[in-house]
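Grab a pencil and work through these exercises with the structure open beside you. Each task comes with a solution that goes step by step.

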Amino acid sequence: MADAPRIAFAAFATPTKGVLVVFMNGELRLGAATSKLLGRNHDLVARAASAEKFTGKLGAVLDFLAPAGLQAERLIVIGSGTQTPDFVKLGGIVMGKISPRAAEADILLDLPTGAMKPDQAADFALGLGLRAYAFERYKTKRKEDEERRGKLRLKLGVADVPASRKAWGRREALCGGVVLARDLVNEPANVLHPEEFARRAAGLKKLGVAVEVLNEAALKKLGMRMLLAVGQGSARESRVVVMRLNRGKSGAAPVAFVGKGVCFDTGGISIKPAASMEDMKGDMAGAACVVGLMRALAARKAAVNAVGVIGLVENMPDGKAQRPGDIVTSMSGQTIEIINTDAEGRLVLADLLWYVKNRFKPKFIIDLATLTGAILVALGHEHAGLFANDERLAERLLQAGTATGERVWRMPLGPDYDKLIDSKFADVKNTGGRNAGSVTAAQFLQRFVDKTPWAHLDIAGTAFGTPPSDINASWGSGWGVRLLDRLVGDHYEK
Ligand code: BES
Ligand code: MN
Ligand code: ZN
């Protein structure tokens, strides 16, 4: 991870000599505090706006060097659009406009409609932090610009300094969770194998998370034969990590999150074609999201009982690997005929779902997985697929998606799809043919959750390789951390 810029809050005051960033809306109006600070430069801005045909639309820029009468060496006017902007996005836009060569910047969080409220200022700062992220661990010749990002000091001008600082404390925790998830997704599989992933998850102990790492002997004892079958062709041992946070009502059922952590997916004996196989280092993004979420909840001291469980394996072709046609007995007792060893994620998840449901009796289970290429065909990078057996949980996820911009789209489940995975030789088979590939994968999982309220998020299209956005310039997106943090915050804290 690159060094993050330092973010501080201060009352609106005379800016220092670095960059000064202010906002102008669609009607070309400035905020009151901004007007006062700009003084005679207000005229200059108005004339420049008309000369440039600046419309004030979200993200439009007017850039002035060495403005007279101001200490600042540079004044940047940013369009804030016509309506109330998305503050996270606005923060990301601003970060994208500040040159990495700048040492310090004053940003006046002052819109024509008034100074940003503490929560809005914190969202804005979250956008700054998310956009500043870059994964540069393996660049031995770091560009000078990249070096300097970490030295950038950002001073955010706000009306209520203590309240803004407090709100940022919570968002900073969230930012740290997203950044951790991105780091894990971006790491290559020769570094981030199951054992190393488990070691990094165990780092959450520092934040008060109880962490158990289950090795292969422990998994064998528990009967997670299906998960172990996926990893049996790998030189690396499989691991399951259980993370628990207990800040909710004492004794109350926890909320549970389960993540697919296939550290590399070659497809196994049903091997994948070479093109883009390198992307399969990101096949652990579901697990990365669960770890990032637990980090965020722990760091912001969320008043919730939460469990995060991740299944860490590597899917490799080998003399010891499982074969198409093999029949495996899952932890639940159901037998599974392996048709395609590349449909491995559902095998890992199904043992985990069964385990979590029985051990924790949670309020709900949400699993996240880069499960099917078919979800990319259906929804592209814009939505994750949402499958659920519970209307209220589905509705809450849809709402959290709209609120955070991490959007989900409801997909169907039903007995007619379920028939597609009945097996000739066993209770169920692990693929259902070409049609409705994302749905049959979800149907497979549903056979292991019984009546527990459950939602499955297929994040194969949103977790990595998404087009660069205002708040993410990196390959791994950390998708889902903000969504689920919001879900917990809105409905499950005491
Ligand atoms: N990890 C892949 C799914 C995937 C593909 C994620 C592309 C991200 C980008 C998963 O394990 C897989 O291989 N699924 C197969 C299932 C098929 C064999 C039924 C797929 O989608 O082709
Ligand atoms: Mn696969
Ligand atoms: Zn996979």
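Before you start: two strands count as paired if DSSP finds at least two bridges between them. Keep in mind, too, that this is a predicted model.

**Exercise 1.** Work out which strands are the edges of the open sheet of three strands.

*Solution.* Start with the strand order, which is β13-β14-β18, with mixed pairing. Now look for strands that pair on one side only: these are β13 (327-329) and β18 (428-429), so by definition of the pairing those are the edges. Next, check how β13 meets β14 (residues 335-337): the two run antiparallel, joined over three bridges. To see one of the contacts, find V328, whose bridge partner in β14 is I336.

**Exercise 2.** Find the strands that pair with β12, and say in which sense each one does.

*Solution.* Take β10 (residues 239-246) to begin with: its pairing with β12 is antiparallel, over eight bridges. Here R244 has V307 of β12 as its bridge partner. Then turn to β11 (residues 255-265), which pairs with β12 in the parallel sense over ten bridges. In this pairing, G259 stands opposite I310.

**Exercise 3.** Decide whether the faces of β12 are covered or open.

*Solution.* Use the cut-off of under 20% relative accessible area for a buried residue. Go along β12 (residues 305-315), and you count eleven buried residues out of eleven.

Technical notes
Residues are numbered from 1 along each chain as its sequence is written. Chains are lettered from A and ligands numbered from 1 in the order in which they are written. This is a predicted model: local features need pLDDT of at least 70, side-chain atom pairs count only at pLDDT 80 or more; totals for chains, interfaces and linings use all residues. Side-chain values use heavy atoms; hydrogens and water are left out. Helices (H or I, at least four residues) and strands (E, at least two) are DSSP runs, numbered from the N terminus. Buried means under 20% relative accessible area, exposed over 50%, partly exposed in between (1.4 Å probe, protein chains only).
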